[in-house]
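The following exercises concern one protein chain, shown below.

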Amino acid sequence: MMNRVEERCLEEGINGGNMNVLTAAEIKPFMTFNEPFRSNSFAVIVVQKGHFVFQNNFVKNCMKAKDVYLVTPGSLCELYEMSDDFEFISMGFKKEYLKEQGVFLNGAEIVHLFSTDLVHKFSLNDEEFEDLVFSLKSLKKKINLPETTPHFKDVIRHSFISVLYEILIVYSKYRVFIPVKLNRQEELTTNFLNLLSENFKKEKQVQHYAKELFVTSRHLSQVVKTVTGKTAGEIIDEMVINEAKVLLSSHLMNVSQVADELRFSDQSFFGKFFKKYTGISPSVYKSNSTVAINPPF
């Protein structure tokens with residue numbers, strides 16, 4: 001059973017649901033595997049023990065002790081596996097909370113920290129790891145103080161900003177840009193994936209993307225499979241299915257509305273497509289899924 005503090009962290013949130021610090025014990029009950037979801041906040045995940053495999057925007061990551069990962073809002077995530085001894089601590093916060101604390105995302109350093117153009121995983125040395133975990137635990141203790149504590153909000157604000165810039169200082173040492181030198185096959189695949197991410201709801205045919213990229217459908221599929229292990233058609237279907245799962249599990253749309261959002265001709269065709277790839281109907285998936293209601297980050 002979760003205690004009341006854990007329930008308050010995950011259901012009501014801290015500081016209006018805009019910032020919190022959670023441990024593995026608090027988040028694990030909400031971790032659902034092999035079901036995609038969109039992150040609803042910025043998050044800094046620090047692995048303390050064991051290992052964890054998850055996918056973020058179709059890039060698979062294996063996290064181990066002393067690794068740090070930065071998650072941005074709206075990232076498409078999927079959890080795959082974790083060791084029995086996996087432990088971590090995570091600080092999550094929303095853009096609104098930064099503004100409330102006088103930290104603006106258009107500040108060059110903060111933009112740099114959470115830019116989608118940078119690699120978001122890095123490792124700490126022993127001293128950096130111990131200092132960051134201590135700071136996060138200290139912030140967590142302050143969050144759980146009674147709200148009647150003198151200067152409660154100011155104490156949390158200063159502690160949060162201190163942790164944020166501690167992460168920034170460490171990150172500046174390890175900042176790694178995504179490589180820009182790609183071979184021709186990698187460049188074509190990257191261009192395909194970029195086009196697909198922008199147009200997959202309305203365009204689901206390989207021929208459309210091949211034409212846009214000035215290659216044949218056969219060549220595009222062969223190159224994409226060489227680089228990713230999947231054909232262009234398989235990646236299109238995977239992206240559509242993952243988006244369908246996210247929309248269904250959010251419980252904000254019914255099945256018919258999801259079919260419309262993904263530009264299927266009718267609900268029946270969408271249902272057959274979804275069942276072909278998942279083995280269950282959209283309505284069954286929707287009723288069984290809660291991951292989007294309580295995403296782990």
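**Exercise 1. Determine the strand order of the open sheet and identify which strands are its edges.**

Step 1. In this predicted model, 4 strands form an open sheet in the order S2-S7-S4-S5, with antiparallel pairing. Strands are DSSP runs of E with at least two residues, helices are runs of H or I with at least four, and both are numbered from the N terminus; two strands pair if DSSP finds at least two bridges between them.

Step 2. Strand S2 (37-38) and strand S5 (59-64) are the edge strands, since each pairs on one side only.

Step 3. Strand S4 (residues 51-56) pairs with strand S7 (residues 76-82) over 5 bridges in the antiparallel sense. Asn56 stands opposite Cys77 in S7.

Residues are numbered from 1 along each chain as its sequence is written. Local features need pLDDT of at least 70, side-chain atom pairs count only at pLDDT 80 or more, totals for chains, interfaces and linings use all residues, and side-chain values use heavy atoms, with hydrogens and water left out.

**Exercise 2. Decide whether Lys140 and Glu26 are buried or exposed.**

Step 1. Lys140 forms a salt bridge with Glu26, with 2.9 Å between the closest N and O atoms. Lys140 is in helix H5 (residues 126-143) and Glu26 in helix H2 (residues 24-27), 114 residues apart.

Step 2. Lys140 is buried, with a relative accessible area of 13%; Glu26 is also buried, with 4%.

**Exercise 3. State the average pLDDT of the chain and find a stretch where the value is below 50.**

Step 1. The chain averages a pLDDT (the predictor's confidence in each residue, from 0 to 100) of 83, and 84% of the residues score at least 70.

Step 2. Over residues 1-16 the pLDDT is below 50. Where pLDDT is low, the predicted coordinates should not be read in detail.

Conventions:
Contact means heavy atoms within 4.5 Å. A salt bridge is a side-chain nitrogen of Lys or Arg within 4 Å of a carboxyl oxygen of Asp or Glu. Buried means under 20% relative accessible area, exposed over 50%, partly exposed in between (1.4 Å probe, protein chains only).
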